[in-house]
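Let's take a friendly walk through this structure together. Have the sequence and the 3D view ready, and look up each residue as we come to it.

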Amino acid sequence: MPAGKLQVVPLGGLGEFGMNCMAVRWGEDIIVIDAGLMFPEAELLGVDIVVPDISFLLENRSQVRAIILTHGHEDHIGALPSVLTELNVPVYATEFTLAYVENKLEEHGLLDDAQLIEIEPGKRFTVGVFTINPIRVTHSLVDCVALAIHTPIGVIIHTGDFKVDPTPTDNRLFDLHAFAEYGKEGVLALFQDSTNVERPGYTPSERAVRRKFEEVFSMTERRLFIACFSSSIHRIKLAIDLAWENGRKVALVGRSMSESTEIAQDLGYIDIPDGLLIHPGDIKKYPPNKVCVMISGTQGEPMSALSRAAVDNHKHAKIEKDDTVVLSSRIIPGNEKGIYRMIDHLFRREAHVIYDDGSNPPIHVSGHASQEELKLIINLVKPRYFIPIHGEYRQLKRHAELATSMHGAVGSVMMIESGDILEFDELGARKAGRVNVGRVCIDSNSMGDVVEELIIRDRRHLSEDGIVLPIIAINKLTGRVEGPPEIVTRGFAGVGENGFMEDARNVVVNTLDISSAEEKADYGVIKEKIRQDLKRFIVKNTSRRPLIMPVILEI
Ligand SMILES: [Zn+2]
Ligand SMILES: [Zn+2]
């Protein structure tokens with residue numbers, strides 16, 4: 001075994017949902033697997049996306065040879081524009097993934113300078129000291145690969161996202177043989193997707209939703225609206241096939257839906273018969289039972305086509321009594337409120353709404369492997385080291401437990417999180433320190449000048465004087481303030497001083513006391529009053545000007 005150390009450093013996605021990114025290093029060569037984003041949680045108001053802190057890569061920029069993508073989901077490619085802006089290295093990905101990447105880079109004006117290299121499952125390529133073999137896997141998106149990486153001290157396998165779907169709609173099969181071959185030859189380490197480790201059994205095939213879709217198509221007497229992720233190519237294909245069989249024209253509403261369908265059509269994943277597609281503006285020209293509208297916005301995003309249609313505010317997509325709306329997607333944790341609000345609006349329009357409520361046959365199936373599939377891959381690969389990836393801490397932990405229980409198939413199980421350096425050499429594997437990781441928030445600068453000035457002013461406040469968040473809990477039903485207000489601060493210098501926080505809290509209490517019930521019911525007004533009073537107090541006592549953002553919690 002050659003002397004030297006192999007380092008694997010996750011820069012995101014281990015211990016958090018999304019933002020998948022992992023560096024692999026031997027000597028002077030670093031390759032990066034995936035560069036994903038994370039959608040911001042509700043508390044990060046005004047932030048569009050969150051990307052991983054890549055200072056580790058920037059500090060070693062001369063050694064970074066390439067970024068290799070497993071598939072085209074945002075949590076794997078969404079950080080590319082920001083990463084390539086700082087570090088323009090070659091990007092390797094399959095044909096379909098590259099098509100998404102091209103669109104994305106084009107939007108950011110980065111396409112001309114990007115070095116995009118197409119890879120194919122089963123065709124090995126070399127980057128620095130590494131030889132990489134992409135292995136075809138199945139997932140909710142098409143053209144996805146796992147990566148077998150040949151390093152000087154052995155092969156490591158990164159599964160990417162996957163489920164073992166024996167009947168994918170594109171008939172491009174999961175290459176179980178490749179995993180088995182590697183298992184026979186010996187694998188140093190397996191890094192496996194943990195997303196669905198809490199689910200027993202097997203994840204159903206993409207074809208499993210066909211029964212429910214057929215039922216919906218045969219029962220629906222009026223307009224049929226189908227929403228799914230624009231990247232759910234299997235789902236879009238199914239809907240288009242069934243629309244054709246049932247004599248319905250198809251309209252694509254929403255930019256992401258039409259772009260994604262176009263890519264899938266160009267690359268031969270979806271076959272759209274001539275004359276089937278109609279322009280959204282022509283929906284009203286057809287009888288309601290002759291139209292199927294594919295529409296984007298499954299997560300209740302306020303500006304999405306479906307959200308607007310739900311409140312009768314979409315130019316072309318009008319939802320009327322007895323129309324049917326299908327949400328063929330999962331409810332992403334954190335989005336429940338927005339999604340159910342949208343579903344409520346759809347019910348108010350007296351539409352039939354079909355969403356993933358656990359009933360059978362399913363209207364949606366997951367794209368990630370359940371326990372039995374995870375075990376199957378572990379059994380085939382029989383790695384010396386097993387490392388769970390892609391998951392929150394609880395999921396990584398449960399995945400580690402699952403692997404630990406598989407005596408005979410796994411040598412040892414290692415738990416690492418984003419930032420940990422996992423080191424392999426002739427003596428074995430161990431954690432060997434940490435690198436800086438974190439979340440970088442990015443907002444779009446598409447707003448007008450005035451707002452931009454505001455943003456800059458806010459940023460200046462933040463960097464110089466920190467932030468103060470008075471949090472007030474108001475009972476939604478009675479309008480009463482519940483309990484004493486809380487004040488949270490970050491980077492604000494006034495904090496440690498004696499009784500300061502107590503006094504600040506009293507300022508907020510006082511403002512609430514002297515405000516009328518009507519003022520308290522209007523959150524805009526009450527927030528502004530609190531901000532003004534607190535600002536006066538803080539400036540007087542600390543001569544600092546932190547950003548003050550009152551938060552009203554409805555309980
Ligand atoms: Zn994925
Ligand atoms: Zn993912």
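Four residues hold the zinc ion (ligand 1): H71 through NE2, H73 through ND1, H139 through NE2 and D161 through OD, at 2.1 to 2.3 Å. Donors here are N, O and S atoms within 2.8 Å of the metal (3.2 Å for Na, K and Ca), and water is not among the atoms, so sites may look incomplete. Along the sequence, these donor residues follow the spacing H-x1-H-x65-H-x21-D.

What do the angles say about the arrangement? The four donor atoms subtend angles of 89 to 163 degrees around the zinc ion (ligand 1), so the arrangement is irregular. Four donors count as tetrahedral if all angles lie between 85 and 135 degrees; four count as square planar and six as octahedral if opposite donors are over 155 degrees apart and all others between 65 and 115; anything else is irregular.

## How the model is described

This is a predicted model, in which local features need pLDDT of at least 70 and side-chain atom pairs count only at pLDDT 80 or more, while totals for chains, interfaces and linings use all residues. Residues are numbered from 1 along each chain as its sequence is written, chains are lettered from A and ligands numbered from 1 in the order in which they are written, and side-chain values use heavy atoms, with hydrogens and water left out.

D161 bridges the two zinc ions, ligand 2 and ligand 1, which lie 3.4 Å apart. H76 sits in helix α2 (residues 74-77) and D161 in the loop between β11 (154-158) and α5 (176-185), so this pair ties together parts that are 85 residues apart in sequence. Helices (H or I, at least four residues) and strands (E, at least two) are DSSP runs, numbered from the N terminus.

Buried means under 20% relative accessible area, exposed over 50%, and partly exposed in between (1.4 Å probe, protein chains only).

Q395 belongs to helix α12 (residues 393-404) and is buried, with 11% relative accessibility. Beyond its neighbours within four places in sequence, Q395 is in contact (heavy atoms within 4.5 Å) with S194, T195, V197 and E198.

H390 lies in the loop between β19 (383-389) and α12. H390 is not a glycine, yet it has a positive phi of about 55 degrees. With a relative accessible area of 7%, H390 is buried.

D312 is in the loop between α9 (305-310) and β17 (324-327), and it is partly exposed, with a relative accessible area of 36%.

Which peptide bond is cis? The bond from N360 to P361 is cis, with omega near -5 degrees. You can find P361 in the loop between β18 (352-354) and α11 (371-381).
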